Amino acid sequence: MTKTTGLARAIELLRPPIIEFGTGTLAKLGDWARAKGYQRPFVVAGSSAAARVGMLGLPGDVGVFGTVAPEPDIPNFEATLAAARAHKPDLIVGFGGGSPMDVAKLVAALLDGGQTLAEVVGPEKVAGRRVGLAQVPTTAGTGSEVGTRALVTDPVSRNKWAVQSRFMLADIAIIDPEMTATVPARVTAETGVDAMAHCVEAFTNIKAHPIIDGYALEGVRLVGRYLARAVQNGADHEARAGMALASLYGGLCLGPVNTADGRGERGDLPACPRL
Ligand SMILES: NC(=O)c1ccc[n+]([C@@H]2O[C@H](COP(=O)([O-])OP(=O)(O)OC[C@H]3O[C@@H](n4cnc5c(N)ncnc54)[C@H](O)[C@@H]3O)[C@@H](O)[C@H]2O)c1
C-alpha cells in the first residue's frame, strides 16, 4: 500500500509581514513606529512588562494598560478595551506573555466598537482593523506574537472563548530573547512546555502538513536542548534564545495546523530518530 505524504494537500500560511528575532531587536520597535508615523501608541501589558514600557522606545503620546491578568477573563479584557478607547490610539502594542498579547489582538480588532467580543468568537468573524498592531513577547511559550488567535476566559463557565482572525495578525512581531531573562524558573518551565505542546500537537495532528513539520520538529529539538538550561539558569542567554525560537516555531505551527486535533498516529511518517 502506498502511504500518503500529504505533500500536495492545500494549506494557507499567515505570518506577520515583519518578524524581528534576536538580541537587541527590541530597538527596532520605536524605529518602525516612527517610520510608520504612529503618534498615539497604546501598550497592553502584564504587570511585569508594565514596569518596562519605557524600554520600548515608542514615539508620541504613549498610553498603557498594565494590569492584564494571567489567563485574562472577559472583564479584564473589557477594562483594557475601555482604557484603549479613552486613549484614542493609532497603534496597539502587546507587551508581555500570551495573556497581554492575546488581549492586545482583541483590543485592536474591537477598538472601533462595531462588533462585540461575543460576536467575533470563532473563526474569521472580525470585520477589520483600523489601527496598527505590534507584538513583543516577554515569555517563551505561546507563540501568540505570530498568530491569529486570542483566548479569554468566561468567568461564569470558566470556558475559554477563542477568537481567530487574520485581522489579529501583527504588523510586526519583535522577539528579543533578552525580554525573557527575568521570567521565574517555574513560569519558564510552564511556558516552555506550552511551546513543546504546540509543536508536538502540530506534528501529530490529523491536519499535519510537511510545510509545518519542519517548524514542529525543530521546535521540539530546541525545547529538548534548552528548556532545562533556561529553568536552571535564567541568565543563560543561549538557552533563552533557544526557547524564544522554539516558542516562535510553535506559534508558526498554530493556525494552519491547529492543536488538539491529533489522532495519535502518523501513518505517513517514520519514527524521527533525530529528535
Ligand atoms: N494565542 C495563542 O495562540 C495562545 C496559545 C497558547 C496560550 N495562549 C494564552 O496565553 C496565555 C498564557 O500566556 P503565557 O504562558 O505567556 O503566560 P502569561 O502571559 O499569563 O504570563 C505568566 C506570568 O509570567 C509573568 N511574566 C511574563 N513575562 C515576564 C518576564 N519577562 N519576567 C517576569 N515575569 C514575567 C506574567 O506577569 C504572569 O504573571 C493564556 O491566556 C493562554 O490562553 C494563547
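**Backbone, surface and helix packing**

Modeller: In this predicted model, glutamate 124 has a relative accessible area of 34%, and is therefore partly exposed.

Colleague: Where does glutamate 124 lie, and what is its phi?

Modeller: Glutamate 124 is placed in the loop between strand E5 (122-123) and strand E6 (132-137). Although glutamate 124 is not a glycine, its phi is positive, at about 55°.

Colleague: Is arginine 158 buried or exposed?

Modeller: Arginine 158 sits in the loop between strand E7 (149-153) and strand E8 (160-164), and its phi is near 65°, a positive value in a residue other than glycine. Because exposed means over 50% relative accessible area, and arginine 158 has 56% relative accessibility, this residue counts as exposed.

Colleague: Which residues make the nonpolar surface patch of about 210 Å²?

Modeller: One member, valine 193, belongs to helix H6 (residues 185-203), and its relative accessibility of 43% is why it counts as partly exposed. The nonpolar surface patch of about 210 Å² is made by Val193, Met196 and Val200.

Colleague: How are H6 and H8 oriented to each other, and what is the handedness of their crossing?

Modeller: The axes of H6 and helix H8 (residues 237-253) come within 8 Å and cross at roughly 40°. Angles under 35 degrees would count as roughly parallel, and 65 to 115 as roughly perpendicular, so the crossing angle of roughly 40° makes H6 and H8 oblique to each other. As for the handedness of the crossing of H6 and H8, it is left-handed.

Definitions and conventions
Residues are numbered from 1 along each chain as its sequence is written. This is a predicted model: local features need pLDDT of at least 70, side-chain atom pairs count only at pLDDT 80 or more; totals for chains, interfaces and linings use all residues. Side-chain values use heavy atoms; hydrogens and water are left out. Patches are made of residues with over 30% relative accessible area and no salt bridge: like charges are joined within 9 Å, nonpolar side chains (Val, Leu, Ile, Met, Phe, Trp, Tyr) within 5 Å. Accessible areas come from the Shrake-Rupley method with a 1.4 Å probe; for residues, only the protein chains shown count as cover. A salt bridge is a side-chain nitrogen of Lys or Arg within 4 Å of a carboxyl oxygen of Asp or Glu. Helices (H or I, at least four residues) and strands (E, at least two) are DSSP runs, numbered from the N terminus. Buried means under 20% relative accessible area, exposed over 50%, partly exposed in between (1.4 Å probe, protein chains only). Axes are lines fitted to C-alpha atoms, for helices over the stretch in contact, and angles run from 0 to 180 degrees between N-to-C directions. Angles under 35 degrees count as roughly parallel, over 145 as roughly antiparallel, 65 to 115 as roughly perpendicular and the rest as oblique. A crossing is left-handed if the near helix is turned anticlockwise from the far one by less than a right angle, and right-handed if clockwise.
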